[in-house]
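Subject: Structure handover

Hello,

Here is the structure we talked about. Please look through it first, then read the notes below.

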Amino acid sequence: MSIFRKYPSTRLRRLRKNLNLIELVSETNLTSKDLIQPIFIKENFEGKEQIESMPNIFRFGLNHVLSEIEELINVGINAIAVFPVIESSKKDEKGLEALNKSNFIVQSINKIKKEFPELILIADVALDPYTDHGHDGILINNEVANDETVEVLIEQSILLAEAGADIIAPSDMMDGRIGLIRDSLEKQNFKDTILLSYAAKYNSKFYGPFRDAVNSASNLGNSSKSSYQMNISNKNEALHEVALDINEGADIVMVKPAMPYLDVIQSIKKEFKVPTFAYQVSGEFSMLKNAINHGWLDKEVMLESLVSIKRAGADAILSYAAKEISKEINKV
Ligand code: PBG
């Protein structure tokens, strides 16, 4: 029997009578402190250039990115995730440039953290910005080799921690990498470096515009990441991945993409009760933004999509719309 009394003693519309009442009983509250802005920084480049498949999202030169970050901070964003766009002449089969101690992302992190020490900076760990085949790891006999890749990811992680990244985010989906990276960070005295694991990263077609943004799409061609990213059909496997990563030393776990995987976010949060992030990826952003720009959807759908991700259980969200939504929420 229901504990609720029936109509007319119960009228749910009483609490929807005006905006103040609606907000008073709102269960999910999205703030700019929940939002993380991904930023593309392009090597050997000045100014900013539009990414064609991502409306109003740009590749920034290193000098220009500082003023963009200042704007982000002014609208209330406290965290960014940086992605390098590397000169194609520096890409090779092994992604060696990833381990160059003064490579572009190291220089970028140094510069950004020097200018904005309080800003939380997240750096991606994976080899795809540096490989000429566009895969996240090293190819041996035409397959992405797990253990050999992890060896490189460990070094890449140390380099990024050294450069000043607050959070290291392995997005490669190799087995065992969280534990080995954690061990290595501890040994080298990076005890407070936070590990954000892309734990449940699906083999999704929603990453298309990102691959355009970092120029890895043409390198990857028809090749697929299905031997390391997760099957879109699986949820139990996501719980398994997350359990392993927490055990190996992840501080935060992430689900990616976000809106097509709300059930996964919810299950992970319910099961493990650890900090759980979601990545509203490039394709999710572009699809909504294009429909908005055509006038086919109201611009409020962007906020609605982010609220749905938070309502599912995400503590924070990486979103290309972070800046504009933050402006809207904070009315700045
Ligand atoms: C690379 C990486 C990808 C994204 C974040 N890190 C692309 C991929 O796995 O192919 C996708 C982000 C997005 O689509 O916005 N390891």
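Start with Lys-269. Lys-269 is partly exposed, at 22% relative accessibility. Here buried means under 20% relative accessible area, exposed means over 50%, and partly exposed lies in between (1.4 Å probe, protein chains only).

A word on the source. This is a predicted model: local features need pLDDT of at least 70, side-chain atom pairs count only at pLDDT 80 or more, and totals for chains, interfaces and linings use all residues. Residues are numbered from 1 along each chain as its sequence is written, and side-chain values use heavy atoms, leaving out hydrogens and water.

Salt bridges

The count comes to 18 salt bridges. The rule asks for a side-chain nitrogen of Lys or Arg within 4 Å of a carboxyl oxygen of Asp or Glu.

Lys-269 is in one of them. Its side chain meets that of Asp-315, at 2.8 Å from N to O. The pair links distant parts of the chain, 46 residues apart. Lys-269 sits in helix H9 (residues 262-272), and Asp-315 in the loop between helix H11 (300-312) and strand E12 (316-319). Helices (H or I, at least four residues) and strands (E, at least two) are DSSP runs, numbered from the N terminus. Asp-315 is partly exposed, with a relative accessible area of 32%.

Next, Asp-166 and Lys-113. Their side chains form a salt bridge at 2.8 Å, N to O. This pair also joins distant parts of the chain, 53 residues apart. Asp-166 is in the loop between helix H4 (146-163) and E8, while Lys-113 is in helix H3. Buried or exposed: which is Lys-113? Lys-113 counts as buried because its relative accessibility is 14%. Asp-166 is partly exposed, at 26%.

Then Glu-328 and Lys-299. The closest N and O atoms of this salt bridge are 3.7 Å apart. Glu-328 lies in helix H12 (residues 322-330), and Lys-299 in the loop between helix H10 (282-293) and H11. They are 29 residues apart and link distant parts of the chain. Both are partly exposed: Glu-328 has a relative accessible area of 29%, and Lys-299 has 47%.

Salt bridges with shared partners join Lys-42, Glu-49 and Arg-59.

A buried serine

Helix H3 (residues 104-115) also holds Ser-108. Ser-108 is buried, with a relative accessible area of 1%. Which residues does Ser-108 contact, leaving aside neighbours within four places in sequence? They are Ile-41 and Leu-62. Contact means heavy atoms within 4.5 Å.

Surface patches

Patches are made of residues with over 30% relative accessible area and no salt bridge; like charges are joined within 9 Å, and nonpolar side chains (Val, Leu, Ile, Met, Phe, Trp, Tyr) within 5 Å. Accessible areas come from the Shrake-Rupley method with a 1.4 Å probe, and for residues only the protein chains shown count as cover.

One patch is nonpolar. Leu-15, Leu-24 and Val-25 form it, with about 300 Å² of accessible area together. Leu-15 lies in the segment before helix H1 (19-24) and is partly exposed, at 44%. Leu-15 and Val-25 are 10 residues apart in sequence and 7.6 Å apart in space, C-alpha to C-alpha. Not counting residues up to four places away, Leu-15 touches Leu-21, Ile-22 and Val-25.

Another patch is negative. Its members are Asp-147, Glu-148, Glu-151, Glu-155 and Asp-175. Asp and Glu count as negative, Lys and Arg as positive; His and the chain ends are not counted. The charge is placed at NZ of Lys, CZ of Arg, CG of Asp or CD of Glu. Asp-175 lies in the loop between strand E8 (167-170) and helix H5 (177-187). Asp-175 counts as exposed, at 52% relative accessibility.

Best wishes
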